[in-house]
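Colleague: I would like to learn how to read a protein model step by step. Could we take a few features in turn, with the general idea before the case at hand?

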Amino acid sequence: MQCIELSSTELDLVVLGALNSFMNLSSGKKRHRMCYFFRSVQVCKKTFLFVYGIGKYRLENLKAHLKRHGIAPRTHGNTARLPKNALAHETLNRAVTFVKNFASEQAVALPGRVPNFKNLKVQLLPSCESKASVWRRYIKASEENNLNAVSYTKFVALWNTLTPYIVIMTPASDLCSLCQLNNAKITKNVNVTEQEKLSCLRDQETHLHEAKTEREFMKTNIVACKEVLQGSDIDLLTGRPSCSFKGTVHYSYDYAQQVHIPSNPQQPGPIYFKTPRKCGLFGICCEGIPRQVNYLIDEAVATGKGANSTISYVHHFFSTHGAGETDVQINADNCGGQNKNNFVIWYYCWRVLCALHDSVLYSFLIAGHTKFSPDWCFGLIKQSFRRRYVSSLFDLMEAVDQSTITGVNISELCGLHDGTVKVPVYDWVTFLGPYFKKIPGISKFHHFRLTKEHPGVVFCRKLLSSEEIEFQILKDPNVRPPIQLPQQILPLGLDNDRKRYLFREIWEFCRPGTEDLVAPAP
Ligand SMILES: [Zn+2]
């Protein structure tokens, strides 16, 4: 009975031992007359198979193995050899790269935007695509380039194991997770009692009401901002001194999916197998004008999406594009995690302490219901991007600047192809860290208010309908951070491997004349 608990190899050895004790191997005969014993009692073959829990084929194989090798563990004949149907590593790699590139070009939603997908890496493809449609594109591109391709089944298996964070949206996944869950409970589930359905209905009502109220609040602020800016010559094209404009201005900001350079809509195939030069996009929108300043962050000057980069772009915006308003309202995407949110609030607190703003209101929309102006502006940029051959940062600037006739989108280069920094990133976190402390339980709040009347105090609110809770975030209210810029963080730039790769693989895809910008000789 213990035989069932043994591993296959262990059982092999037990049976080999049992066979060995009564099989006469010295005779040299080809066939052996076998007697079977179990605990020193002779038994028939059937009983022997039964007590060891093995089949007759396994027994025959073991006998043959015993004659040839003695009591030694059997190894599977196929362990050292690759099976005939195994694909070359390169072919597999190409399929995975294809999926990744396709996703980074086509993905619609932004990381962290959809709450069912907690993974920040997640990329959502529009629901008009399917794995099969992506595979067909892949096959087509492979054929055009005479490259081996993997089957549909293998393609899907690779996708699921290596890039599970690339997901195709179901037509309903623009609903947030809570909405979906509630809707499913109310409509589909027959096992839910009427009482439960009723309470679910009430929950959903409250949830939608909250989402709506928060959005209405943002809309009201935007309308008010429009009125404030009407008649002024504020256009975000030139910066204005801080607090030179008495009034409240509303901004929204967010990151977009990065774009690839070069990108040629006429020749989409072969470059899908490569990793072209990447450029990040960070947009700050003033709906009251309306205008969005888009920071183009080439990979040669990128320092990540952390708090330091975000704060530095926002800081650059206030000093070189901002309306110079006394009071500011900001909506941002709540996807950076609590640390990042704390650091950003430290920065706004610093601004108020330094008299760069009289008051700041920093808000998030309800998760899953966060579609706002930057998304709309990024959409226009993507459309414009897909219409032209973009083969340098300057082409990308043009794609941004010409994405609307009225000039809603304007571009701001964070750096040049050669790594020259135009918009410096500062180490705000290290600079502010000694003066500020974190807000306990920050993730449950949606609104943070700071005013010059209460230096160092943050008024936090869970929702508009909730009570304000105040926190003093200065470690020592008598010690304030200085009015100066932190240490600059220098980008690492492209490493030698990446430079060589760009030159070797991407050079040929650049429009003549732009090769030395995008993929210069290392
Ligand atoms: Zn919802």
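**Reading burial, cores and strands**

Modeller: Let us begin with one residue in this predicted model. His65 counts as partly exposed, because 17 other C-beta atoms lie within 10 Å of its own, whereas a buried residue would need 20 or more.

Colleague: Where in the chain is His65 placed, and how far is it in space from Leu16?

Modeller: His65 belongs to helix H3, which covers residues 56-69. Although His65 and Leu16 are 49 residues apart in sequence, their C-alpha atoms are 8.7 Å apart in space. For the chain as a whole, residues 24 or more positions apart account for 71% of the contacts with a separation of 6 or more.

Colleague: What share of the chain is buried, and which residues of the largest nonpolar core touch the most other members?

Modeller: The general idea is that in soluble globular proteins, nonpolar side chains tend to be buried together. Here, 35% of the 522 residues count as buried. The largest nonpolar core has 96 residues, and those that touch the most other members are Leu296, Trp346, Tyr347, Tyr348, Cys349 and Leu396. Helix H10 (residues 337-353) supplies the largest share of this core, namely nine residues.

Colleague: Why does this core lie between domain 2 and domain 3?

Modeller: The core lies between them because domain 2 (89-174) and domain 3 (240-518) both give residues to it. Apart from this core there is another, of eight residues, including Leu16, Tyr36, Phe48 and Tyr52.

Colleague: Which residues does Leu296 touch, if those up to four places away in sequence are not counted?

Modeller: Among the residues touched by Leu296 are Cys279, Leu281, Leu393, Leu396 and Met397, and the list also includes Ser411, Glu412, Leu413 and Cys414.

Colleague: How many bridges join S13 to S14?

Modeller: Four bridges join S13 to S14 (residues 469-472), and these strands run antiparallel. Within S14, Glu470 is the bridge partner of Phe459.

How values were computed. Residues are numbered from 1 along each chain as its sequence is written. This is a predicted model: local features need pLDDT of at least 70, side-chain atom pairs count only at pLDDT 80 or more; totals for chains, interfaces and linings use all residues. A nonpolar core is a set of buried Ala, Val, Leu, Ile, Met, Phe, Trp, Tyr and Cys residues joined through C-beta atoms within 7 Å. A residue is buried if 20 or more other C-beta atoms lie within 10 Å of its own, exposed if 12 or fewer, and partly exposed in between; C-beta atoms are placed from the backbone. Helices (H or I, at least four residues) and strands (E, at least two) are DSSP runs, numbered from the N terminus. Domain bounds come from an automatic or database domain assignment. Two residues are in contact if their C-beta atoms, placed from the backbone, lie within 7 Å. Two strands pair if DSSP finds at least two bridges between them.
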